[in-house]
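Here is a short note to read beside the model. Keep the structure open and find each residue as it comes up.

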Amino acid sequence: MTPPHDQEERPAAGTAPWLGSFSPVATPADILACFRLLLGRLPNREEWRGHVSRAGERLDTVVGSYVNSLEFSCRSLGAAGKLGSAEQVRLPDFSIYFEADDAAVGQHVRANNYEADVTAVFRRFVRPGAHVLDLGANIGYFTMLSAALVGPSGSVMAIEPNPNNARLVEASRRANGFAHVRVVQVAAGREPGLLVLHRSHSNGTTSVAPDDAASLLAAETVACVRVDGIVPRRRRIGFIKADVEGAEYLALSGCLRIIRRHRPVIVTEFSPSMMPGISGISGLGYLRWLIGLGYRLSIVLPDGGLRAAEPDAIMREHAERGVDHLDLVAEPVAAATRLRRGLGRIAGRLQYRRA
């Protein structure tokens with residue numbers, strides 16, 4: 001028989017609490033202990049009546065409501081476990097937070113040798129006052145670089161589904177005083193919905209939610225949005241970076257209105273082996289899709305230079321290098337050039353038919 005909820009449970013001996021009884025039902029003493037231990041204060045007169053009325057509920061439910069409260073979160077008692085391995089490094093243009101055990105990105109950022117080739121591309125195309133989209137911000141290296149390049153007259157929107165990464169990006173944003181950066185903790189996709197996040201340190205992939213209920217309930221889910229729907233229409237996007245581990249086609253499909261309206265330069269990671277399983281498109285199909293949007297493609301060279309290439313040449317380069325991905329730049333083709341190319345294709349077809 002459990003004791004009445006308005007009576008404090010007492011151990012059989014004051015010096016031997018392990019001899020006392022334990023009830024799964026919360027008592028007024030338990031609720032007072034939640035204030036003392038979790039909120040770090042005593043209740044005030046006005047709130048006590050409402051809180052103590054929960055005596056008699058399940059203990060884990062009552063305690064959980066305090067653990068999950070904003071007031072407990074603001075005490076940051078659990079911060080050491082979450083941020084214990086986070087470090088900050090000062091680079092020439094900005095400072096950035098990273099996880100010390102992150103071999104994929106963090107250690108290269110610390111050594112200031114992270115993707116020097118793509119960094120050179122950013123410095124070539126991103127200008128003061130520009131507006132940048134960073135799709136797959138990771139820990140925010142290119143977000144912070146973009147923010148430093150565009151200055152306060154421009155803007156950067158960082159899209160990143162991994163909550164650990166998003167916290168690091170936000171911490172870096174604050175450390176640099178980059179008020180013109182906005183961090184959005186979602187996945188960029190073709191349509192709104194729910195995806196499953198698969199993490200590997202700071203890197204990771206997303207996939208559609210499984211049909212099996214048990215697998216779904218065990219998964220880490222993230223929201224997916226069309227970036228078209230969250231960028232203010234009046235903001236003229238001039239540069240997009242897409243690095244989302246094989247989901248670039250889906251992410252950029254959700255930016256089609258922006259791409260067609262503003263014709264931004266796009267730097268995209270190209271992982272043809274991952275694209276069929278994640279984006280549902282072949283590597284060659286993705287390249288042709290970008291060209292169909294009115295873009296010409298260039299391969300980013302190891303020294304940061306660019307070499308224009310057609311889809312077949314890009315596929316050969318990927319195979320010859322023996323790497324998991326290439327970095328590409330897609331630059332908009334002028335309308336007149338697109339018209340000439342279109343007329344040339346039509347003339348070629350007509351000539352072929354006559355022959």
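1. **Helix over the sheet.** Helix α8 (residues 141-150) lies across β3 (131-135), β4 (155-159), β5 and β10. It runs at about 170° to β4. Angles go from 0 to 180 degrees between N-to-C directions, and the axes are lines fitted to C-alpha atoms, for helices over the stretch in contact. Helices (H or I, at least four residues) and strands (E, at least two) are DSSP runs, numbered from the N terminus.

2. **What kind of model this is.** This is a predicted model, where local features need pLDDT of at least 70, side-chain atom pairs count only at pLDDT 80 or more, and totals for chains, interfaces and linings use all residues. Residues are numbered from 1 along each chain as its sequence is written, and side-chain values use heavy atoms, with hydrogens and water left out.

3. **Confidence.** pLDDT is the predictor's confidence in each residue, from 0 to 100. The chain averages 89, and 88% of the residues score at least 70. Read the start with care: pLDDT stays under 50 over residues 1-8. For that stretch the model has 12 contacts beyond four places in sequence. A contact means heavy atoms within 4.5 Å.

4. **The sheet.** Eight strands form an open sheet in the order β5-β4-β3-β10-β11-β14-β12-β13, with mixed pairing. Its edge strands are β5 (181-184) and β13 (306-308), each pairing on one side only. From one strand to the next, the twist averages 20°. Two strands pair if DSSP finds at least two bridges between them.

5. **A parallel pair.** Which strand does β10 pair with in the parallel sense over 4 bridges? The partner of β10 (residues 239-242) is β11 (residues 265-270). Look for lysine 241: its bridge partner in β11 is valine 267.

6. **Strand β12 and its two partners.** Strand β12 (residues 295-300) is mostly covered, with 5 of its 6 residues buried. Buried means under 20% relative accessible area, exposed means over 50%, and partly exposed is in between (1.4 Å probe, protein chains only). β12 runs antiparallel to β14 (residues 326-332), joined by 5 bridges. Isoleucine 299 stands opposite leucine 328 in β14. β12 also pairs with β13, again antiparallel, over 3 bridges. There, serine 298 has alanine 308 as its bridge partner. The β12-β13 hairpin has 5 residues between the strands, and glycine 304 takes a positive phi near 90° in this hairpin.

7. **Two nonpolar cores.** A nonpolar core is a set of buried Ala, Val, Leu, Ile, Met, Phe, Trp, Tyr and Cys residues joined through side-chain atoms within 4.5 Å. The largest has 40 residues, and Leu133, Leu135, Val227, Ile240, Leu252, Tyr286 and Ile314 touch the most other members. A second, separate core of 35 residues includes Phe98, Val109, Val118 and Leu168. In soluble globular proteins, nonpolar side chains tend to be buried together. Leucine 252 is worth a click: beyond four places in sequence, its contacts include Leu135, Ile240, Tyr286 and Trp289.

8. **Aromatic rings.** The whole structure holds 11 aromatic pairs. Rings of Phe, Tyr and Trp (its six-membered ring) pair if their centres lie within 6.5 Å; planes under 30 degrees apart count as stacked, over 60 as edge-to-face and the rest as tilted. One cluster is made of Phe94, Tyr114, Phe122, Tyr141, Phe142 and Phe239.

9. **Two serines.** Is serine 271 buried or exposed? Serine 271 counts as buried because its relative accessibility is 2%. It lies in the loop between β11 and α13 (275-278). Leaving out residues up to four places away in sequence, serine 271 touches Asp324 and His325. Serine 207 lies in strand β8 (residues 203-208). Its relative accessible area is 28%, so serine 207 is partly exposed. Serine 207 and serine 279 are 72 residues apart in sequence and 9.1 Å apart in space, C-alpha to C-alpha.

10. **Two asparagines with positive phi.** Most residues other than glycine have a negative phi. Asparagine 112 has a positive phi of about 55°. It sits in the loop between α6 (106-110) and α7 (116-125). At 41% relative accessibility, asparagine 112 is partly exposed. Asparagine 138 has a positive phi near 55°. Its place is the loop between β3 and α8. Asparagine 138 counts as buried, at 11% relative accessibility.
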